[in-house]
Amino acid sequence: MNFSTNTRKIFIFAFLVALSCLSARAEPLSPDEVKTLLARVREKRATTPNLQADFQERRKVHLLDEPIATSGKVWFQAPNKFRRENKGNAPSVTVSDGQQLWIYYPKFKSAERYSLAKRSPLDAGVTALTAGLSLQNLESNYHVTGSKEGDHVILELQPRVPSLRRLLQRLEITLDSDLHVVQTRMLQPNGDEIVTTYANHGHAPLPANVFEFTPPAGTDITTPLGK
Amino acid sequence: MMQFSETVAQLVTKRRKLMWGIVVAIAALTLVILVTRIQLDTEVLNLLPRGFPSVEGLKVYNNQFEQTRELTFALLCQPDDIDKLEEFAPKFAERLKSQPWCVRVLAGSPMETPQGIADLQRIALPLLLNLEPDEFDRAISLLQPQKIQERLAQLRHAIESGSPRPEIELSLDPLGLIAPALKPFAGNVALEGDQPLTSPDNTMRLFPVVTNQPSISAFECQRLMKQVNEFRASALQDWDGGKLEVLVTGRSAYVSEVSLSMRHDIYVTLLGSIALVGAVFFIGFHRWLPLVGMGFSLLLCCLIALAVGLLIFHHLNMVTVGFCAILVGLGVDFAILIYGRYQQRRDEGVTHPAAIADSIHHLGRAIFFGALTTAVGFLALVLSNSSGFIQLGVLIAIGISAAAVLMTTIFFLFIPSRTKPRRSDWILAAVKTYVGRMLHRPRTILAFSGPVLIALVTIAILPQIPLTFIANARSMEPKNSRAGRALSLIMEKMPVRWEPVLGIVRAKDEQQLHDYWKAISEHWAQLQRNGAIKSFSTPYALALAPRNIERNRERLASVDFEAARAALKSALAQNRFSSAAFASAFQLLDQLQISASPDYRIRPWRDELPQNSAWWFLIDRYFGHDPLLTTGFVTTNQPVSTQEQKSALARDLPDAGVPITLSGWSYTLTDLVPWSRRQLLFISALMAVFDASLLAVLYRDLRLWLVQVLTLAFAIGAMIASMKLLHVPLNLLNVLAFRLVLAIGVDYGIYVLLVWQRSTDVARDLAGVIKPVVLAGLTAIAGFGSLGWAHNPTLSGLGVACALGLFWSLGATIFFTLPAAVAAKPKLPDERLNKRELQHEHA
């Protein structure tokens with residue numbers, strides 16, 4: 001059987017395209033593979049509990065007619081300390097030491113303080129927010145399934161716990177080959193959607209004061225949930 | 001006296017029909033009174049003394065606030081099942097809501113539900129207008145166009161930062177106006193920290209439920225709890241986890257259990273007493289018919305006491321009626337004593353009428369004085385200020401007087417005229433042997449009994465060995481109480497849920513109520529800042545002030561609502577907010593504009609709230625059925641348990657010029673401890689003084705009087721020592737035991753000493769009285785001891801304390817009073833007479 005040169009080229013091109021499509025299609029991971037992956041993640045977190053990265057976020061909020069785009073930098077220390085600085089026209093700093101959560105608005109010289117201890121209504125929200133960064137207790141809090149897309153792995157998390165289910169319908173976490181979180185996609189029951197993309201990951205030790213916050217003098221402090 | 005005893009003997013032997021006619025007439029009359037007039041008061045609080053504001057406050061809170069119809073359900077799961085419990089809890093709440101007896105359920109903070117938020121928005125307007133002028137002006141200033149712009153820009157900024165605040169604010173209060181007015185409700189969310197609905201370990205969930213119980217009577221409580229228990233049996237369908245318990249507590253649960261356990265206690269202790277008393281009587285006398293006569297006479301005594309009590313008090317406390325069992329224990333003594341003498345005379349060959357006349361002649365005086373001391377002793381309870389105790393005292397005084405009369409009259413109707421003398425009586429033989437030895441060598445017996453009694457009195461006095469005094473409400477719970485167990489599990493799982501102190505305020509009108517609470521709230525806030533109290537909550541913001549409303553409405557008329565609407569629209573567009581999210585903001589603007597017009601009539605906010613709204617749980621905590629009757633709550637730094645704490649609260653919490661009643665169970669019981677101790681000391685001392693005076697008149701002999709007084713002191717000392725050593729605690733009610741032991745103990749002494757003093761045949765007469773005294777003592781100990789089986793710890797505590805006291809009273813009478821009397825005042829020519837000489841003398 002003889003093929004013309006062009007025909008052969010077309011065939012080879014079509015084969016390569018098909019091959020690349022096949023390789024790019026998400027391949028579901030078996031439960032054992034998911035378990036192995038989560039074990040690797042836990043191991044990595046144990047050795048590198050700190051994380052800092054740049055982020056870009058796109059929010060679709062039911063209170064607003066248009067989505068919002070923000071960017072900034074995030075610092076995280078396992079199990080539950082984090083800091084997030086939003087840049088741009090609406091700058092803000094969010095800091096949590098695991099006990100308290102501060103949101104500071106330099107433009108308005110105002111800050112909000114929330115207590116995370118004693119069954120705070122925010123507990124579940126913070127758990128959901130930090131799940132993508134901490135990757136801790138995923139199996140106990142969520143039904144976890146996974147798939148592979150190229151060298152990326154996508155974990156799909158569906159909350160087991162009702163308190164989380166009230167805040168979160170689904171959470172997708174995309175990990176690269178080094179097990180860095182490169183994207184999280186959070187879908188909330190009220191239809192809100194938050195997609196955050198992370199880049200420039202670093203694991204250097206973080207000074208304690210990164211997760212501390214003292215409001216500058218003259219700041220108007222409110223406690224929207226009381227106490 | 002001789003004439004009386006012979007008359008009675010004549011009547012009960014020759015005019016039996018007449019006597020039976022009188023008996024039937026008395027029984028019929030008492031039954032008619034009971035049937036036509038009986039009114040039972042089931043209020044346990046009526047056992048507490050009058051004249052204490054804290055007690056009155058507790059009664060008001062118990063009867064005039066909705067919490068009386070509140071039950072608390074709790075689900076308790078295993079630690080592995082907390083996720084399942086979280087999922088199951090809403091289903092359980094729905095099932096509760098669907099029960100015909102359930103009015104509303106609180107399954108979580110109403111702030112977390114859209115319905116709860118919508119309910120709040122309905123009542124926002126009157127509460128906003130109720131704000132103090134400066135607060136209102138501050139709130140209303142947010143309607144200035146520039147402030148609307150600024151606020152929405154800031155909220156937009158907060159959304160971008162991921163703050164939860166915009167969601168919270170915009171869902172409840174898009175204009176930012178009503179938050180200050182709704183502070184008490186927001187405060188309730190914070191209150192979750194003090195009164196949580198979920199335990200810290202998440203294994204327990206609470207569901208307060210208001211029921212539609214038509215009244216708070218014991219029978220209604222039992223009926224409700226029957227339905228609740230049926231629900232409990234089927235409530236766990238679909239639960240697929242490990243062990244899950246449904247616990248229920250609350251007033252109705254307690255009242256149902258207490259009333260049922262009281263019924264059980266009455267049956268068990270009555271049957272127990274009858275069996276034990278019957279057994280002792282039969283062992284002592286080997287006769288059944290007198291036992292029936294004794295039972296009948298006692299029943300008639302109870303009927304007379306209850307009927308006369310009803311005529312005096314018009315209603316009787318159920319607990320008091322239960323305590324009437326004491327009457328049986330006391331009345332039995334008379335029957336045994338008089339029958340003992342009768343049988344002794346019959347065994348000696350005396351005829352039936354002569355034996356009756358002789359027993360009345362010899363023991364009538366002792367029984368009369370015995371009844372007098374007991375009756376006066378119990379009448380001393382009139383000084384207690386507690387309507388329950390007053391009733392108890394009067395009923396027993398009446399009953400014991402009736403017993404003295406009936407046991408010396410109609411009791412003989414049951415004694416057959418022809419009885420065979422008993423061939424052998426081992427008890428009498430043993431008593432005779434003892435009497436012989438005692439008359440022969442009284443000091444030998446004293447050498448043994450004296451040191452034992454002195455040692456026990458020493459233990460009683462020693463402060464190093466404490467006598468426990470329990471003054472908390474738990475000491476009054478029935479044993480194995482399900483409601484009590486539920487409450488203690490809840491307290492164990494949620495230790496922060498200790499009972500607050502109540503501050504009850506009643507006002508003449510709305511304005512006064514508002515002004516009172518304003519003053520108290522400011523005062524308590526200062527106390528909280530100083531660290532004197534942990535937290536507080538009051539109905540201040542919910543108490544409408546007509547003056548504020550009128551002033552604020554006038555102020556509203558100056559607001560430019562058109563400009564506010566335009567500014568809001570513009571700010572929404574500028575910040576890309578969704579208009580739908582702000583629909584309620586425009587509605588509120590419309591409402592405010594309408595309410596500013598002079599002819600607009602604001603509806604009371606209570607009418608605006610749907611009946612099934614969960615917010616009623618909060619409102620009903622503060623407002624009674626009469627909206628001018630209100631309560632505030634103070635959470636103390638520690639549960640109230642000491643006099644110092646109570647005194648500090650009584651000094652600090654009231655604010656000058658505001659009439660407030662402080663109450664709450666812990667506070668009240670702590671308040672009552674001095675009263676209870678006063679009861680123990682003052683009234684018991686008063687009774688002791690009366691007894692001592694009576695004995696002085698009766699004996700007219702210093703040595704015998706001293707012996708008897710010493711015996712009483714020894715008996716009470718030994719009783720206290722035994723309670724200390726056996727760890728039997730005193731509680732608010734079993735302090736009565738001291739009075740009972742004194743009353744009965746003094747009778748034992750009177751019986752034996754009067755015989756000793758007046759007898760011409762000492763050995764025979766003493767043996768003749770000691771046997772019935774021992775039997776009477778044993779029946780009383782058995783009767784009171786049987787109260788130990790009662791579920792009600794106060795009743796069982798009273799029974800055990802009395803049984804101990806009577807044991808020592810009896811022991812001291814036999815082994816101390818008699819030998820001491822013999823040693824102090826020998827009646828025989830020579831105390832050293834030998835046995836043969838004694839027997840010769842008897843002959």
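Reply: In this predicted model, strand 11 (residues 181-187) of chain A pairs with strand 12 of chain A in the antiparallel sense, the two being joined over 5 bridges. Within that pairing, Thr184(A) stands opposite Thr196(A) of strand 12 of chain A. The two strands make a hairpin with 5 residues between them, and in the turn Gly191(A) has a positive phi of about 95°.

Strand 12 of chain A, which spans residues 193-202, also runs antiparallel to strand 2 of chain A, and 8 bridges join these two strands. In this second pairing the bridge partner of Phe55(A) is Tyr198(A), a residue of strand 12 of chain A. Strand 2 of chain A covers residues 50-60, and Gln52(A) has its place there. Although 149 residues separate Gln52(A) from His201(A) in sequence, their C-alpha atoms are 5.7 Å apart in space. Setting aside neighbours within four places in sequence, Gln52(A) is in contact with Lys73(A), Val74(A), Trp75(A), Gly202(A) and Leu206(A).

Of the contacts in chain A between residues at least 6 apart in sequence, 47% join residues at least 24 apart.

Chain B has 33 helices and 12 strands, and 46% of its 843 residues count as buried. Among the contacts in chain B with a separation of 6 or more, residues 24 or more positions apart account for 83%. Antiparallel pairing is found in chain B too, where one open sheet of 4 strands has the order 3-4-2-5. Strand 3 (102-105) and strand 5 (245-250) of chain B stand at the edges of this sheet with a single partner strand each, so one side of each has no neighbour in the sheet. From one strand to the next, the twist of this sheet averages 30°. Strand 3 of chain B is joined by 3 bridges to strand 4 (residues 204-211) of chain B, and Arg104(B) stands opposite Val210(B) in strand 4 of chain B.

Another open sheet of 4 strands in chain B has the order 9-10-8-11, again with antiparallel pairing. Its edge strands are strand 9 (535-537) and strand 11 (661-663) of chain B, each of which pairs on one side only, and its twist averages 20° from one strand to the next. Helix 3 (residues 53-64) of chain B lies across strand 8 (501-506), strand 10 and strand 11 of chain B, and runs at about 80° to strand 11 of chain B.

Turning to helix packing, helix 29 (residues 702-725) and helix 30 (residues 736-758) of chain B have axes that come within 10 Å and cross at roughly 145°, in a right-handed crossing. The residues of this contact divide into 10 nonpolar, 5 polar and no charged.

Finally, there are the nonpolar cores. The largest has 246 residues, of which Cys301(B), Ala403(B), Val741(B), Tyr751(B), Val752(B), Ile770(B) and Leu806(B) touch the most other members. Helix 32 (residues 793-824) of chain B gives this core its largest share, 19 residues. Not counting residues up to four places away in sequence, Tyr751(B) touches Leu337(B), Ala366(B), Gly370(B), Val769(B) and Val773(B).

Key:
Residues are numbered from 1 along each chain as its sequence is written. Chains are lettered from A and ligands numbered from 1 in the order in which they are written. This is a predicted model: local features need pLDDT of at least 70, side-chain atom pairs count only at pLDDT 80 or more; totals for chains, interfaces and linings use all residues. A residue is buried if 20 or more other C-beta atoms lie within 10 Å of its own, exposed if 12 or fewer, and partly exposed in between; C-beta atoms are placed from the backbone. Two residues are in contact if their C-beta atoms, placed from the backbone, lie within 7 Å. Two strands pair if DSSP finds at least two bridges between them. Axes are lines fitted to C-alpha atoms, for helices over the stretch in contact, and angles run from 0 to 180 degrees between N-to-C directions. A crossing is left-handed if the near helix is turned anticlockwise from the far one by less than a right angle, and right-handed if clockwise. Ala, Val, Leu, Ile, Met, Phe, Trp, Tyr, Cys and Pro count as nonpolar, Asp, Glu, Lys and Arg as charged, and the others, Gly among them, as polar. A nonpolar core is a set of buried Ala, Val, Leu, Ile, Met, Phe, Trp, Tyr and Cys residues joined through C-beta atoms within 7 Å.
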